[in-house]
Amino acid sequence: MSMRLLIDADGCPVVALAVAEAKARGIPCLILCDTAHEMEHPGAETVVVSKGADSVDFALLRRLAPGDIVITQDYGLAALCLARRAWVLDQNGRAYTEENIDALLTFREAAGRIRRGGGRLKGASRRKREQDTAFLKALRQMLDDVGKTEGNR
C-alpha cells in the first residue's frame with residue numbers, strides 16, 4: 001500500500017498547506033475532523049465523526065497503515081501512530097520520533113497536573129508565517145524521506 005497523508009484537523013492551522021502539498025505530489029490525503037470543525041478542501045477526502053473525546057483520534061487510528069504520514073499536535077495520538085510505524089509531524093514542523101515522544105508525553109502529564117491543581121500555563125502565541133514555512137519545509141522533507149523508504153521495499 002502506498003503512503004497517505006492523514007490530518008488530525010481539529011484545531012490544526014496547517015490543513016490547507018498540507019492538502020496542497022499532498023495534491024501537488026499526487027498523494028492521497030484524508031482530513032479527519034468532528035462535527036464542530038467540519039471542513040472541505042479540494043484534493044482531500046474529509047472524514048467527519050461525531051463530536052466526542054478522542055473520536056477523531058480513534059477514527060484516524062482505524063484508517064492508519066504503516067508508512068502513512070500523520071499531522072497532529074496531540075502527543076498521545078502521535079505516540080500511538082509511531083507504535084503503528086507511521087511518520088508523525090506537528091503543525092510547526094517537529095517530527096515526533098521514538099527518541100522524543102516519551103519526553104513530550106511526560107511534559108503533557110506534568111502540564112495536566114498543573115492545570116488540575118488550578119495552575120495556568122501560557123497558551124500558544126499568535127501563529128507566524130515562519131511557523132508555516134518551517135512546517136512546509138519539514139513536510140516536504142518527510143514526504144521525500146518516506147517516498148525513498150517506500151521505493152526500497
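Which residues does Thr46 touch, not counting residues up to four places away in sequence? They are Ile31, Cys33, Met39, Glu40 and His41, where contact means heavy atoms within 4.5 Å. The structure is a predicted model, in which local features need pLDDT of at least 70 and side-chain atom pairs count only at pLDDT 80 or more, while totals for chains, interfaces and linings use all residues. Residues are numbered from 1 along each chain as its sequence is written, and side-chain values use heavy atoms, with hydrogens and water left out.

Thr46 belongs to strand β3, residues 45-49 (strands are DSSP runs of E, at least two residues, and helices runs of H or I, at least four, numbered from the N terminus). With a relative accessible area of 18%, Thr46 is buried (under 20%, with a 1.4 Å probe and protein chains only). A polar atom of its side chain lies 3.0 Å from the backbone oxygen of Met39.

Arg4 is placed in the segment before β1 (5-8) and also counts as buried, at 13% relative accessibility. Its C-alpha atom is separated by 7.9 Å from that of Gly67, 63 residues apart along the chain. Among the residues that Arg4 touches are Ile27, Arg63 and Asp68.

Turning to the helices, α2 (residues 55-63) and α3 (residues 75-83) pack at an angle of about 10°, with their axes 11 Å apart (axes are lines fitted to C-alpha atoms over the stretch in contact, and angles run from 0 to 180 degrees between N-to-C directions). Because angles under 35 degrees count as roughly parallel, α2 is roughly parallel to α3. Asp57, Leu60 and Leu61 of α2 and Leu77, Leu80 and Cys81 of α3 make the contact.

Terms used. Buried means under 20% relative accessible area, exposed over 50%, partly exposed in between (1.4 Å probe, protein chains only). A polar contact is a pair of N or O atoms within 3.5 Å; within protein, one must be able to donate a hydrogen and the other to accept it, and residues adjacent in sequence count only if both atoms are side-chain atoms. Angles under 35 degrees count as roughly parallel, over 145 as roughly antiparallel, 65 to 115 as roughly perpendicular and the rest as oblique.
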